[in-house]
Amino acid sequence: MSEPQILNRLAVDIGGTFTDIALETGGILYTIKVPTTPSAPELGVLDGVKMVIEQSGVAPTDIRLIIHGTTLATNALIERKGAKTALITTQGHRDSVEMAYENRFAQYDLDIDRPAPLVPRYLRWPVNERLGPNGEIIVPLNESTVHGLIPLIKDNKIESIAVGLLHGYANAAHENRIAEILLATLPDLKISLASEVCPEIREYERQSTTCANAYVQPLMARYLTRLNEELSALGFQCPFTLMTSGGGLTDLETAIKFPIRLVESGPAGGAILASQIAAECGLNEVLSFDMGGTTAKLCLIDDAKPLMSRTFEVGRVYRFMKGSGLPIRIPVIEMVEIGSGGGSIARVDDLNRITVGPDSAGATPGPACYGHGGTEATVTDADVIMGRIDPDNFAGGKMKLSLQAAETAMDSSVANPLQLERPMAAYAVAEMVGETMASAARVHATEWGKEISGRSMIAFGGAAPLHAGQLAKKLGIDKVVIPTGAGVGSAIGFLRAPVAYEVVRSRFHALGSFNAKFVNSIIDEMRLEALSIVEPAAMGAPLVETRAAYMRYQGQGHEITVKLPVRPLTDADAKIMGDLFADTYTRLYGRIIPGLAIEILSWTLTIGTEASQPIPEMPVEKQPAPPPSGHRKLFDPGQKKWIETPVYERDQLIPGTEIPGPAIIIEGQTTTIVPSGFDAQINGLSYLVLNRQQEVSS
Amino acid sequence: MSASYDLDEIQIQILWNRLLSIVEEQAQALIRTAFSTSVREAGDLSAGVFDLKGRMLAQAVTGTPGHVNAMAASVNFFMDKFPPGTMVEGNVYLTNDPWLGTGHLHDFTVVSPVFLKGQVVALFASTSHVVDVGGMGFGPDGRQVYEEGINIPIMALMTEGEINVNLIEIIRVNVREPDQVEGDLYSLAACNETGSRRLLETMGEFALDNLDQIADVIINRSFESMLAQIQELPFGSFEHSMRIDGYDKPIDLVAKMTISETGIDVDFSGTSPVSGRGINVPVTYTQAYASFGVRCVVGSQIPNNSGSLAPVRVTAPEGCILNALHPRAVAARHVVGQMLPDVVMGCMHQVVPDRVPAEGSSSLWNPVLLGGHGIGGESENSKSTPFTINVFHSGGTGARPGKDGLSATAFPSGVRNTPVEINETIAPIIVWEKEYRTDSGGAGAHRGGTGQVMSIGHREGAAWAVSAMFDRCHYPARGRNQGQPGGMGLLSLKSGQKLNNKGRQNVPSGEVVVMDMPGGGGLGDPLSRSPERVAWDVKNGMVSAEAARDAYKVVVSGTGELDAAATKKLRA
């Protein structure tokens, strides 16, 4: 028999507004939401932890694993509240990190500026040295140029240093030596080496990532150490692990060294939860849809695994546009985030077109219906007007909304300028935000060589269940799953995450002159690094290893990820790798280009525990719909009239219940709209499932 | 009456949004599958959907304004040759003729008709810059278009779904990278297919059998909105001229802009005649960059379509460098064409002086670097690694109303650079320096963007060659409203020898090429720039302490400490 307490896990997710705590014990889940305490986030965490401990009755000593995710690093980067940081780089190349790609991300806007670099030019210091692309030393490190920086570090009161030399990914010797020299005199200095943080070709992204790591490191080190101590004081004796952007857990030591890997851990938790649900429900191709107050996030999940990537931008300041944020190259769950949320503002432009977002009414003043002074119509106002949200019973009745304020805003923002009737104007706003999200989903899928129609959708976040049915219609999706506890989805996702770590190395290699010995030595080195991080946190759980090469046709601009066999390679594997590349390329682009040379730019290796095995959904007996708890008028744009629609309370619906659409299903954190054309069902796991009605020819 | 005339306002709006989304998806499909690095990395492509009257209904927002009107004009040439009534399902057409496409042989345009129930309902078009078209290679040295590569007239790439194998074979034997070029042609056809599929789905969803009503709405509303914004400007004629370096002699770009109730007319009469080398501009490319210049100031938020483009009309007399006729050489037409927004904005400045930036570096600094056997002019060169790479870099942009110019940033082109580490990995070059160029940004209340210095050597010490197509080396980017000009560009060898800023030249073994890229012009009186901002620029090495004193009358130490008292005295 397995020990039941092995399942006792505690997850903590610090978001911008709320800190979510989830405790799982013997299959039972306790969740708590407490306000985030931005000045000292550990206070909110400790409050919440004490509450959940009390509620569950599980002693701290019986918790086997703590999993923590936080937006702290992300916020420090966006709000520029990190440490005073300097960058040491190769002479002649101080400006890569600011020149970026020498382009403008918005073609027609003369006013745009790229985000300012985290390290201003006067704190970017050259040292005399030069490496070549194979790591060969062209100019040896002139150590006196390093010693010369010590007074500058002191004079400028530098707390943290990033070191990023040209081609340093191929040979770390110079970067290591620089760290040695500096630490000999300044032992307390925090140093982030690009060859450790992001040993990948492309100087701008590597330096940007390293600067970001250095910038948040002192803050994160202080915070994590403090929290760990406080948790120990409460009696916790188990490992304290951190959620990474890539969806794996890592230990405290690694998190303190590479805090940049902790950005976007919240959304990663959401994607892991969606992946778990996909596995439980046997859904192979899924679009996860998370819609909150200001943004919507979409993620493609195939075979219960979210799409992964190594590129990410933090703080896209200009309409969420690509290029308007700071690039970070770390393993990350690939998502598209757009400015479409409940608070997104609707306007009519010069061409009489309705535009919705990307700007948001935020928490203050919030949508007009909040009655806090908002005068512009938002998506939430449209939902209130159409009867999708009950103004008297919002957020579980905690907040009263003003229908009249929503109507006034809708009239002045949209209905009057376009001479539309008010409910039609509200409908148009909801349609436009739906179109924006549908378009983002389609373009994202195309970018990754995938299709949207025919997928299933998993919807969570406060605003998603209101809009999921309508979005599914637009995307040709027939099934929408709305899980339980979607309000604390990320924290629940953390509980499901495997312990995992990904290591990368850039070593240019032409497939035509493949050298197995060389490649094996790189892989062995990566394997040892990953094991040293994963083994302590895995506590003896079986480990899985995956390897990939980033390959391309010679001269192409971008690489594709090709999975490699997990075994020592031989020279004969060149052919196998060529075939694997051809297979992957064909899957993405539909064809190969015969006769072109193939090259490898980077290698990655991931070691992790196996993802927790989901319990598959069990078939349930059909149950008739109970009598509705009430009725509400819902605007039906197709018929252009109000329809008396039944309202159900979700916690009263037992597995197997079937409810024909249109219907409204309410719960504490959100409301699900079952549009006409869909039926709702409660499945064996108590998830709410919307199924498109079969077309019946009459 | 057909169903398509029953669209209500909301459906129209959804449909318009949908068309814009469809062309973005079309462009994304092209970027994903293209071979040419300038498409994949830099976004040098365009994609759009057209109705049967040849009107462009939507165009993807991509990296290059050079295709804006050019592709729209091109589709009409296709329809002249193959009227939609004669088009057959499964046919796909193409051309790279500079005068029928987008201005040089490297750009291939592919047009695909969309069929619904056996009838043509729309056309998708896409353009991309391919790696090679044979001839002498990408550069400004051609004397006639014949030397610049293979020219394919408008013809079928596919007939009823079957690829034109004869055409492909002819192209393959004429270009240096046959697999990549063939791959790019397929990717153009494939992205049109993606667009077609989505359009048909959408028409099904809305039960449409044609696009007549939505096309009329898009075109009329965009036209009226653009016109309304123009009509808010003062009417009149405004002239402006700008002198640039040219290939071997200066070129005057002369514009007369007339703003009237019916729109904006830009005429380039008085502009210098064609050049004997490949920097001539076919008129569609002139129209693209001139109208882009207008659109940056007026109506920038209106999407590109035939309606929004129509109120801005651009003409240039035949035989001037901005309306070069066949068989003039045109390969490097960008080096002149990318100057046109500055010229147009010079006219615009007289109309709305507070909405117009200063002149910038403007033309890309995108040399072709070549090495290997037979290149570099030294016989012992036969053992050095062969390479040809085209790198994209930029000087500074002009200062903007209320803001400094952008340093080392492309404008009006939207092209991205390639990382130094990637270039050094694929070619045996070494970039010794790539940093901002102190004092190259024109002084002003708002400073012009600084240029950059790039020094490039050969890791094997061999001789090599650089194909230069650079401007602003003899005539700088000028400031406006008392702003100072930006620093001029310079191409030289580290040993001191000056090189020509246009044309292919040898780099002797052991030498290093230095590219000093120009800065943008300043905007407003330098003496009105706050001393703190000048001091910050000195602290960061963008401006020297000497220039701070001379141009701004601000006293700063070499490390950026402001001497407020001395500054006050100096400025008094």
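A nonpolar core is taken here as a set of buried Ala, Val, Leu, Ile, Met, Phe, Trp, Tyr and Cys residues joined through C-beta atoms within 7 Å. In this predicted model, the largest such core holds 226 residues, of which A:Phe289, A:Met410, A:Val414 and A:Val429 touch the most other members. Helix α13 (residues 422-447) of chain A gives the most to this core, supplying 14 residues. Another core, of 158 residues, lies apart from the largest one, and its members include B:Ala73, B:Phe108, B:Leu370 and B:Val391.

The domain assignment divides chain A into domain 1 (4-77 + 222-262), domain 2 (80-218), domain 3 (268-340 + 433-496), domain 4 (344-421) and domain 5 (500-598). The centres of domain 1 and domain 5 of chain A, taken over C-alpha atoms, are separated by 34 Å. Their contact takes 8 residues from domain 1 of chain A and 6 residues from domain 5 of chain A. On the domain 1 side, strand β12 (residues 249-251) of chain A provides the largest share, 3 residues, and the residues of that side divide into 2 nonpolar, 5 polar and 1 charged.

For chain B, the assignment gives domain 1 (3-223), domain 2 (357-524) and domain 3 (530-572). Between the centres of domain 2 and domain 3 of chain B, again over C-alpha atoms, the separation is 28 Å. Here 8 residues of domain 2 of chain B are in contact with 8 residues of domain 3 of chain B; the domain 2 side comprises 2 nonpolar, 4 polar and 2 charged residues.

Turning to the two chains together, 60 residues of chain B are in contact with 53 residues of chain A. On the chain B side, at least two residues each come from α1 (9-33), α2 (37-40), α5 (178-205), α6 (212-231), α7 (283-297), α11 (420-426) and β14 (429-436). Among these contributors, α1(B) gives the most, with 14 residues. The chain B side divides evenly into 20 nonpolar, 20 polar and 20 charged residues.

Chain B also contains an open, antiparallel sheet of 7 strands in the order β2-β1-β5-β4-β3-β6-β7. Strands β2 (56-59) and β7 (162-163) of chain B stand at the edges with a single partner strand each, so one side of each is left without a neighbour in the sheet. Within the sheet, 6 bridges join β1 (residues 45-50) to the antiparallel β5 (residues 119-129) of chain B, and B:Gly48 stands opposite B:Ala125 in β5(B).

A few backbone details deserve a look. The peptide bond from A:Gly661 to A:Pro662 is cis, with omega near 0°, and A:Pro662 is placed in the loop between β31 (658-660) and β32 (663-666) of chain A. The bond from B:His326 to B:Pro327 is likewise cis, with omega near 5°; B:Pro327 is in the loop between β11 (312-315) and α9 (334-337) of chain B. A:Ala100, although not a glycine, has a positive phi of about 50°, and counts as buried because 22 C-beta neighbours lie inside 10 Å. B:Glu160 also has a positive phi, near 45°, but counts as exposed, with 10 C-beta neighbours inside 10 Å.

Conventions. Residues numbered from 1 in each chain as written. Chains lettered and ligands numbered in written order. Predicted model: local features only at pLDDT ≥ 70, side-chain atom pairs only at ≥ 80, totals over all residues. Contact = placed C-beta atoms within 7 Å. Helix = DSSP H or I, 4+ residues; strand = E, 2+ residues; numbered from the N terminus. Nonpolar A, V, L, I, M, F, W, Y, C, P; charged D, E, K, R; others polar. Pairing = 2+ DSSP bridges. Domains from an automatic or database assignment. Buried ≥ 20, exposed ≤ 12 C-beta atoms within 10 Å, placed from the backbone.
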